[in-house]
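I set out to look up how charged side chains pair in this model. My entries follow the display.

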Amino acid sequence: MFERFTKDARDVVKEAVAHTERTGAARVGTEHLLLALLNREGSRASFALTALGLDERREPVRDALEQARRRGGLTQAETDALAGLGIDVPEIVARVEDTHGPGALSAEPARTRWRGHRPFDRAAKDVLTGALRAATARGHRHIGDEHLLLALTARPGLPAEVLADHGVTHASVTRVLYGDGEAKAG
């Protein structure tokens with residue numbers, strides 16, 4: 001499948017791996033793919049994000065991903081649901097971080113020297129497969145970074161929620177990339 005990736009899509013994957021290495025994470029996750037997409041310029045995905053007004057809001061998206069990482073990967077919807085049960089996640093995070101340090105609840109292990117290949121977690125693999133499906137559904141022979149963006153927005157999870165909170169949904173990305181007449185699921 002990787003041989004069908006355009007240079008832009010390969011660069012996104014490489015940047016996601018590099019981000020994983022910089023943060024000391026054991027696996028490449030969907031949030032790393034989104035962070036890599038946010039760094040792109042001059043590609044179809046960056047065009048779509050800019051057209052949807054995310055150009056000026058990329059930093060708040062990065063901040064929202066960081067906050068979710070500090071909550072152990074809980075989405076805002078999950079945090080709100082727990083609040084409805086009387087569980088104050090921000091208070092728990094603050095207490096744990098007071099005792100154990102910033103990021104103590106993150107799913108990432110303590111920074112250690114990692115040798116060799118960084119594996120992709122199940123969700124990130126699903127996004128790569130979703131990108132292939134998005135491309136083939138449109139009859140495209142290549143998988144571009146726009147297909148990665150479509151797959152991230154189509155799959156429930158933290159990246160889709162954070163993007164939706166900033167006005168970027170699967171439907172809006174599809175509309176910007178392909179117009180209203182070609183809205184197919186990806």
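**Salt bridges and burial**

I began with Glu97, which is buried, with a relative accessible area of 11%. I note that the model is a predicted one. Glu97 falls in the buried class because its value lies under 20%.

I then looked for the partner of this side chain. Glu97 meets Arg70 in a salt bridge, with an N to O distance of 2.1 Å. The pair joins distant parts of the chain: Glu97 lies in helix H6 (residues 89-100) and Arg70 in helix H4, 27 residues apart. Arg70 is partly exposed, at a relative accessible area of 23%.

I next turned to Arg69, whose salt bridge to Glu66 has its closest N and O atoms 2.6 Å apart. Both residues belong to helix H4 (residues 58-70), where a spacing of three residues separates them by about one helical turn. I recorded Arg69 as partly exposed at 25% relative accessibility, and Glu66 as partly exposed at 33%.

Glu146 is buried, with a relative accessible area of 4%, whereas Arg44 is partly exposed at 38%.

Lastly, I asked which residues are linked in a network of salt bridges. I found Lys7, Asp8, Asp11 and Arg40. For the structure as a whole, I noted 12 salt bridges.

Note on methods. Residues numbered from 1 in each chain as written. Predicted model: local features only at pLDDT ≥ 70, side-chain atom pairs only at ≥ 80, totals over all residues. Heavy atoms only, no water. Salt bridge = Lys/Arg side-chain N within 4 Å of Asp/Glu carboxyl O. Buried < 20%, exposed > 50% of the residue type's maximum accessible area, 1.4 Å probe, protein only. Helix = DSSP H or I, 4+ residues; strand = E, 2+ residues; numbered from the N terminus.
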